[in-house]
Amino acid sequence: MDNTKLKGRMSGKVQEVQKSSDAAAAPDTSLTPISAYLALTNNALDIIRANLKSQPLTLDLFDIVKSPSGGATVFEVPGLAGNEAEKELVGIVLDYTTPRAYWDNPDPVEGTPPVCMSQNSIISHDGKACAHCPYNDFGSKDGDSNAKACKESVLLFLLRPNSIIPLLVRVPVTSKPRFLKYSTRLLSTLTPISSVVTKITLEKATSKQGKPYALFNFQTVGTLSPEETAQVKAFGQQFMEIVNAAQLVPALAEAS
């Protein structure tokens, strides 16, 4: 056999073995032990209440991660030194809402309050059924797409190891079915969504109009013990009581 070919094959085998070894040795940072979650320390809620000084914990005080534009697959996460790029978000989904909102202007200025909105995508703020609204029909947004005029999303309260305040993750309507399917799969095995560690990643997709956008992926990367689940549930309930006391309905919507 030609020595050059033999050396080439041997080199390829060495590289394959090296890659396998590196993959095996690489630590899985998604499997952070529950003891590393700062929010689950005994005095986390006391610190929150003390720092708030009886002020409401409104959504504008939270750090919010949105879907990146242009089909980018990296999240921009607010940090102390500015936005930080992260390929994945890992944490415990304490709770979530499914807000929707309608603006009579097709291109509203950011911060403009909607004409109508709902906290759960079922009943509007004035008591009307969203299912019967004409702005909930596909194609009601404009004539060039099949989109709805009423903007839907999912807002996740994602608890991460290094913070006692959950990160808000706004999942766009294009990825809403994926999240609901993920939560339903957990439901099918009687698994509360707050009893698992969830990893969120992005993948690039293209619309029928040829525009790139990002799709969200949801994956379970860890399961909590019954004791840990009870601990997370207790924190989540008390934390959401503080949040809900702020009457968040007007703040759930945002102009695109």
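The model is predicted, so to speak, with rules attached: local features need pLDDT of at least 70, side-chain atom pairs count only at pLDDT 80 or more, and totals for chains, interfaces and linings use all residues. Residues are numbered from 1 along each chain as its sequence is written, and side-chain values use heavy atoms, with hydrogens and water left out.

On confidence (pLDDT, the predictor's own score for each residue, from 0 to 100), the chain averages 82, and 82% of the residues score at least 70.

As for the overall layout, the chain has four helices and 10 strands. These are DSSP runs numbered from the N terminus, with helices being H or I of at least four residues and strands being E of at least two. Read along the sequence, the order is α-α-β-β-β-β-β-β-β-β-α-β-β-α. Take the contacts between residues at least 6 apart in sequence: 63% of them join residues at least 24 apart. The chain exposes about 15300 Å², and carbon and sulfur atoms supply 54% of that area; accessible areas come from the Shrake-Rupley method with a 1.4 Å probe, and for residues only the protein chains shown count as cover. Of the 256 residues, 37% are buried. The cut-offs are under 20% relative accessible area for buried, over 50% for exposed, and partly exposed in between (1.4 Å probe, protein chains only).

Next, the cores. A nonpolar core is a set of buried Ala, Val, Leu, Ile, Met, Phe, Trp, Tyr and Cys residues joined through side-chain atoms within 4.5 Å. In soluble globular proteins, nonpolar side chains tend to be buried together. The largest core in this chain has 28 residues, and those with the most contacts inside it are Phe 62, Ile 92, Phe 157, Leu 159, Phe 235 and Phe 239. Two or more residues each come from helix H2 (44–52), strand S4 (89–97), strand S7 (151–159) and helix H4 (226–244). H4 gives the most, with six residues. Phe 62, leaving aside its neighbours within four places in sequence, is in contact with Leu 57, Phe 157, Ile 165, Pro 166, Leu 168, Phe 239 and Val 243. Apart from this core lies another, of 21 residues, whose members include Phe 75, Leu 158, Val 171 and Phe 218.

An α-helix has 3.6 residues a turn, so residues three or four places apart point the same way. After H2 comes Lys 53, with a positive phi near 55°.

Over in the strands, S2 (residues 75–79) and S3 (residues 82–86) pair in the antiparallel sense over five bridges, where pairing calls for at least two DSSP bridges between the strands. S2 and S3 form a hairpin with two residues between them. Phe 75 stands opposite Glu 86 in S3. Glu 86 itself is buried, with a relative accessible area of 18%. Not counting residues up to four places away in sequence, Glu 86 touches Val 74, Phe 75, Val 77 and Arg 160.

Ser 121 has a positive phi of about 65° although it is not a glycine; Ser 121 lies in the loop between strand S6 (116–118) and S7 and, at 13% relative accessibility, counts as buried. Asp 126 is also placed in the loop between S6 and S7, but at 43% relative accessibility Asp 126 counts as partly exposed. Asp 126 and Cys 116 are 10 residues apart in sequence and 8.2 Å apart in space, C-alpha to C-alpha. Leu 190, another residue other than glycine, has a positive phi near 60°. Leu 190 sits in the loop between helix H3 (176–188) and strand S9 (196–206), and with 77% relative accessibility Leu 190 counts as exposed.

Technical notes. Contact = heavy atoms within 4.5 Å.
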